[in-house]
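Hi there,

Here is the structure I promised to pass on. Have a look at it first, and then read my notes below.

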Amino acid sequence: MMNHSSQPLLFLVEDSPTLALLYQDYLRNEGYEVCHFALGRPVLEALPERLPQVILLDLELPDMDGMEILKHINEQGLPCSVVVITAHGSVDVAVEAMRLGAFDFLTKPFDGKRLCTTVHNGVRHQQLSSLVETYRDNYDRNQFGGFLGSSLPMQGVYRIIESAAASKATVFITGESGTGKEVCAETLHNLSPRREQPLVVLNCAAIPRDLIESEIFGHVKGAFTGAQSDREGAAARANGGTLFLDEICEMELDLQSKLLRFIQSGTFSRVGSSKQEKVDVRFVCATNRDPFAEVKAGRFREDLYYRLHVIPILLPPLRERGEDVLQIARRFLAEFAKEEGKRFDGFTPQAERLLLEYDWPGNVRQLQNVVRNIVVLHAGPRVEVAMLPPPLDQLRPKFAMPEPGEPMRAQPQVSQAIRPMWQVEKETIEQAIAQCDGNIPQAATLLELSPSTIYRKRLAWAASAQE
């Protein structure tokens, strides 16, 4: 049962009466409702009845190990921020606590300012997490139409597609190459009332410039050399359905004016004919360029831009989609392993780490090619770092963290002043944490990182040190 008090509820789990009174005194004027527990068992009994926003958890309790409480909270998926209190200051203890889902940790002794700041951050974190969970309960989807991924940027894309699908309004899709612009157009069409009618796809960059007008509008016999019979164009074939013009910024200016008239009137003439034909078409277009920059450069008509730019959809690059990379990679791995008769069933943690670290300039299309390369050229139950093709194989020296059982290899001594990037990154992060008196969320804010990124990196460094 959730806490319904207007004050944030805090569980203080501390067996020392003196320290418990001291912590409560620190928190007295902070507006929290504090419930003190000297033992661990009563905490587990109280959690189903009253769920706090924050738990201050001492790990050394008379009746049980505080880690057991943390494990219970993690296993049950309880929405509360756990701040672990330890007298040891052990990195191993802190790393284990982070692995089990602790929000932060405090090493005794600490002052009131440090305690209040950490508790405040924990309350704020839980409030934001609740908002995200509410959002996900209402909107979160792991896949949508032809898309795969549950990241927040993609949830926004899904909502726009869902809202725009039923309309006849023109949709302008932008995004880097390989982000799924054709998938977006297909999803729009399949969710629209026109789904039973044709979706006609025309790639303006793949058609010779002297033939693209004929490809769009068709031609009559004898209209030009080689026109041996009448031919229906994409506009006529898409009647009643959707016409998707991909890479529209590649279109010549003189054809852009004809396209504008077609969009405005719904009528066109085939090449070599003066007869007007009328069709009912929903227009979807796409480009990997910045269309407004093309307008300012004089390569794209401004009036056509505003006619097409009714409902814009910007597809995020893969590097901004977080763990969607792993979700998509696993799907490709399953598909290609089945096609090739291989027995791959996943990636090693080290391989997944590299997939997440890589920037993917070619986006989903590049990821698809990488996974296919692995499946075709290798065999095994899991994809290992050594199987990753270029350029991912060049990322390995950044980490200096070998696969389990593999010895650490010395790097060539090019210069005494040059150190591996992971060492520089580690020192920078640890210095920031020290300057913030151990407050990881505060250090993350100053470094323009998320706290989870710092926790993840510290876990990786600690795991590497133990291997």
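A residue counts as buried when its relative accessible area is under 20%, as exposed when it is over 50%, and as partly exposed in between. Please keep in mind that this is a predicted model.

Let's start with Arg 195, which sits in the loop between α7 (181–190) and β9 (199–203). Its relative accessibility is 44%, so Arg 195 counts as partly exposed. Leaving aside residues up to four places away in sequence, Arg 195 touches His 189 and Asn 190. Thr 242 is 47 residues away from Arg 195 in sequence, yet their C-alpha atoms are 8.7 Å apart.

Next, go to Lys 181, in helix α7.

Finally, look at helix α3 (residues 66–76), whose buried residues are Gly 66, Met 67, Ile 69, Leu 70 and Ile 73. These residues lie on the same side of α3, because they cover an arc of only 155 degrees around the axis. At the N-terminal end, Asp 65 caps α3, with a side-chain oxygen 3.0 Å from the backbone nitrogen of Met 67. Just after the helix, Gly 77 has a positive phi of about 65 degrees.

Enjoy exploring!

Definitions and conventions. Residues are numbered from 1 along each chain as its sequence is written. This is a predicted model: local features need pLDDT of at least 70, side-chain atom pairs count only at pLDDT 80 or more; totals for chains, interfaces and linings use all residues. Side-chain values use heavy atoms; hydrogens and water are left out. Helices (H or I, at least four residues) and strands (E, at least two) are DSSP runs, numbered from the N terminus. Buried means under 20% relative accessible area, exposed over 50%, partly exposed in between (1.4 Å probe, protein chains only). Contact means heavy atoms within 4.5 Å. The arc is that of the directions from the helix axis to the C-beta atoms. A polar contact is a pair of N or O atoms within 3.5 Å; within protein, one must be able to donate a hydrogen and the other to accept it, and residues adjacent in sequence count only if both atoms are side-chain atoms.
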